Every structure is written in structure tokens, then in C-alpha cells.
Amino acid sequence: MATVIRGKPVIAGECAGWALVSHEPLSFWGGYHQATGEIIDRRHPLSGEIAAGRILALPHARGSSTTTAVLLEAVRSGAAPLALITTGIDHFLALASVVADEMYGKPIPLVAIRPDELGELKSGDWIELSRTGALRIVSNVPRGGG
Amino acid sequence: MMLELSTRDQALLDGRHGPANRMAMQIIVRMAELSGADRLMDITGAHVDSSLYMGEATLEFAERLAEMGGRVRVPTSLNVSGVDENGWRDWPVPPDWAEKALRQMIAYERMGCVPTWTCAPYQTNMRPRFGQQIAWGESNAIVFANSVIGARTERYPDLMDICAALTGRVPAVGLHLDQNRSGQLLVRLVDIPQGLQEDDTFYPVLGYLMGRLAGEQIPVVEGLQVRPTEDQLKALGAAAASSGAVALFHLVGITPEAPTVAAAFKSRKPRRILDITIADLQSAWRELSTAEGEELDLIVLGSPHFSLAEFQQLAPLLKGKHRHPEVQFLITSSRVMAALAEKAGLLQAVRDFGGRLTLDTCILTTPMLPPDIRVLMTNSAKYAYYSPGLLNTQVVFGSLEDCVHSAMAGRVVREAALWQP
């Protein structure tokens, strides 16, 4: 069962992966472990989840301006999310991707969707992201050791 | 919307002003395109948070710009560093961390930034003016500059702040522009006792709640019956910028762009109206603490950095008293404030109490705390908010007096009458 959401490609890229979804904004500083990709904000619903290599969907970053630096460090250590989905354009996350591209040639794909569209995503969905910003979402895929 | 670059912008981008400016302008231009800006604009001051050592990537970024000859074009202050340059050896900071953090500090100094090393630059002589267009990083400094001073800055992320300082240019969007500075969310204080509004703890709690409610929106608070001090506004903003993404708030009758509610909203209708009752605030107060029980290892004050006025407030509480041998008492502040406090004779009270001082940095930004520190107590909502995640400690939020009494007792002591239902 697949749905398609036509998002806006803020930083274009192509990938496919498992979704980690929250409706609560996150500060990556104090919230994302740059070496492991664990969500470490203990008051956040995703606390304890590993976002490294997954497609992280959330409304936007919040709090510290150091979010950008944490995300850049995560790119460098290989613990960044595979892609980011936000409602609206998040400048903190976009900048990290721009600098990761400038420094390491490794931009993180970033797609902007509408708030109601975020409501259609669930953790555990399989998402295929294309350069046009289109998201193909497959729900209820059994994860055999994924 | 097409981004139009000036002749100078194009020259920077083409590399005709050196490789550091080329890289910085490339980043500014990409962000401008993303923001839908139709042009760039000048800034006349900057506050850079990028100098905070976070790991190899931030160091590489800094040293690359410095090696390429980057020099800031506008007066630029620096936020907290990754290490207390002169005092780090008094704590178990790993030497290789200190070495890299110091290298990063030097890279920013080489680029001409002023080594203020504080998250409260608005309390130094680099404080901006009303209406001044600036590029500031550090969430609490951004919200203070916009809200309390009425200067104009966007929420600049780390890594973009230095690019703005080098080029002197930023996208002409967001809070730099008049029309974007109006309130969006009306927050009405309902039946909040005046005694509570006069208490210092009211401000961090209100800020924490305001941040959660406002998200990225611009809140306008109506119903405050007292005139907060700068340090109370500092605490309010720091909390709201931590629990939310608040870059600008208006307090009706208090902050410079909000003489009236209508002015705060530029005569537009609020998108949302929220009433805050004492019950809402009490709930927020409870959320700021994660520790249960009386165990306590460290009392820490100074996020944002302790000001001279705060040292003045603290000294009489410490006079003639001493901390319990099994808890530590730490204040984080800036070199400037510590020097002023020393001259005023206020640091002696801290030392006689058995307290310690850390400068340039704070417990959240340098790995200074020994692993046996499991429970902290603080009067800072910012410390309370971030400590559980960043430091893996539990935290108790209390008043300044609570913190001092707890330091003396060696366990959590709180006079919570104002906050109990």
C-alpha cells in the first residue's frame, strides 16, 4: 500500500530508507548524539531511538543554533540521518546540509512538506525519496532484521 | 523570486576577494536562495557561535576559513568556547579536547573576532542598538537582541554566523524586515499573583512555557504587572529559545516594539490567543525538574552567563556561610563580568563559601564535570532543559535562595510555596 507526497526539494537528493517520525520539534544540540545518531533529548517522544541512516521527519528544529554544528559532525562521523523531512523550510537543518556539501561533498537530502502531510507519515514506514521531492511511502512493511 | 546580487556580492562569490570570502558568500547565497530572498543586505555587527568546538568538523571549518585568510568585516563578538582557556585544568577536561577547542578559539581570533567568550554579549560593550541590523548566533542572544533591545537579527545557525561576519552580508528576509516583526500569538496572563511576577523564578518558568506554546511564532505577552529587570528578561528569553524556537517576543508595555498590544501586532489580528493560568505555570515549573528525592551533587548557576547584578544579588546570601563538603557550587560567567565582580569584592564571597568559577564556557559546552556528578540543581531553565540530554544527569530547578540553602545543606531544599497548587 503506497502513497505519494509531492514535497518541495529544499536540498535535492535521492535515497530510500526507514522513517522515524515525530510531531515534536527537536534541537540537535542536546538532542542528537553526533557519534551514534541517538535521539538524546530525554523529554522528546523519540528519546532513545537511533536516527542514523533513517529518514527523520519532524516539524522543525528548535532551540540551539548549534543544531547545525551537531548535524555537520554527525555527517562527518557517518551518524547523520539518511534524509530529513520537515514542515516548511528549516534553515538550521538546510544550512548543515549546505556546509556538509561544501566541506565533504555530502549534502543531506531535505524535503519540505505540509503539516497535514506529516500526519500521514509513521515511524517504520519505508520511504523512497526522489530528487523532485516526491516521497513514495510504503506502510506496514515487515522489517525482517531491518 | 530571483536573488539579485550587488556588484560586490558577485565579486565575493567569484573569489576576487579571496577564497575565504568566496566560501562564505557561497554559503550565504545558497541560504538566500533557500529563503526566497530577492537581495542581500548589510549587517553592521555579528555574534559568532561557530567558535564552539563540537568535534573535527567544526574545527576543520574554522581552520579552513582562517587558513584561507578570512577576516571579519564587522565588529564581531564570540560566544562561549569549548574550554575555559585559563581554568580548564581544574576540572577533568580531556587534554586532547582542550587542545582542539583552543585551536578553534585561535582560528576565530585570527579572523579578527573579539574574544568575548560569552553567551551574554548583550551585557558587554558590544551590545547592539535599537534597530541595528546584526547577524547573531546563540539562541538566547538572538532573542535578547531582538526582543529586549529591538535590534534586528535572524536566528543565525552556527556556521552561517561567521559567513555573515566575513562578508558583511545576509539575506534580506525574516526579522531584519519591519513587516516580519509583528506578533503572531497573543499570550494572556490570567490571575497570576503579583508576588509571583516579582519573583525571579517566574521568568525562566514563563519562558519555558512560552517556548513550548509559541514554537517558531512571535509571542506577545499581555498582563504583566511588573517591570522585569534585564536579568529576568535574559532568563525568560533563554528558556523560550531552548524549549521552543523563539527569536523574538514582545511584552506589552515593556519591550521597545510593544508599547501597546496593537503596536505589537502592527494592528493585525493574532493568529492564536492563549490564556496562561497559574496552573499552567505550576505544571511548567514541575517539568523543569527531572530529579526526585534529596540527593544532590552540584549546584550550578549562570546560563546565560552570570552578570554583575547577579553576583551582587548572590553575595549577601553567601556571606558568612559555607557549602556542604559533599556538594560543589559552581558559577559560569564571562571574563568581563568576573573582572567587574572581582573589583567590586563580590568574588571573595563566592570563594569563602567554597564556590568555584568557570569562565569562557559552561557545563553544557565543555566536558568538565566528573562522572560522579549525577544530580544538579540550578536556577537556570536553560541548564535545567539541556542537562538531562547533554550531561546525562538529573536536574532540580529552584530559586537562587533554594540553590544556596541546598548547597549549605548538602541536599535539595526548596521553598516551593509560590509554585505549589
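I'll take the pockets, then the cavities, then a helix pair and a sheet.

Housekeeping first: this is a predicted model, so to speak, with local features needing pLDDT of at least 70 and side-chain atom pairs counting only at pLDDT 80 or more, while totals for chains, interfaces and linings use all residues. Residues are numbered from 1 along each chain as its sequence is written, chains are lettered from A and ligands numbered from 1 in the order written, and side-chain values use heavy atoms, with hydrogens and water left out.

How do you find a hole? Rolling a probe the size of a water molecule over the atoms shows where empty space is left. Here, on a 1 Å grid over the protein atoms alone, a cavity is a set of points where a 1.4 Å probe fits but cannot get out; a pocket is an open set with protein on both sides within 12 Å along at least five of seven lines; and lining residues have an atom within 4 Å of a point. Points are joined across faces, edges and corners, and a volume is the space filled by probe spheres set on them.

Helices here are DSSP runs of H or I, at least four residues, and strands are runs of E, at least two, numbered from the N terminus. The biggest share, 3 residues, comes from α2(B).

The second largest pocket holds about 660 Å³. Of its 31 lining residues, His33(A), Leu364(B), Gly389(B), Leu390(B) and Leu391(B) lie nearest the centre. Its largest share, 4 residues, comes from α15(B).

The largest has a volume of about 130 Å³, and of the 17 residues lining it, Trp29(A), Val80(B), Glu138(B), Thr365(B) and Lys382(B) are closest to its centre. Here α15 (381-391) shows up again: that helix and β10 (298-306), both of chain B, each supply at least two lining residues. The second largest cavity is about 70 Å³, and its lining includes Trp29(A), Arg42(A), Tyr385(B) and Tyr386(B).

What does α15(B) pack against? One partner is α9 (230-243) of chain B, at an angle of about 25° with the axes 8 Å apart; axes are lines fitted to C-alpha atoms, for helices over the stretch in contact, and angles run from 0 to 180 degrees between N-to-C directions. That makes α9(B) roughly parallel to α15(B), the label for angles under 35 degrees. Ala238(B), Ala239(B), Ser242(B) and Ser243(B) meet Ala381(B), Lys382(B), Tyr385(B) and Tyr386(B), with contact meaning heavy atoms within 4.5 Å.

Last, the sheet. In chain B, 4 strands form an open, parallel sheet ordered β8-β7-β6-β9, where strands pair if DSSP finds at least two bridges between them. β8 (250-251) and β9 (272-276) are the edges, each pairing on one side only. Strand β6 (185-189) joins β9(B) through 5 bridges, and Leu189(B) stands opposite Ile276(B).

That's my tour; over to you.

How values were computed
Angles under 35 degrees count as roughly parallel, over 145 as roughly antiparallel, 65 to 115 as roughly perpendicular and the rest as oblique.
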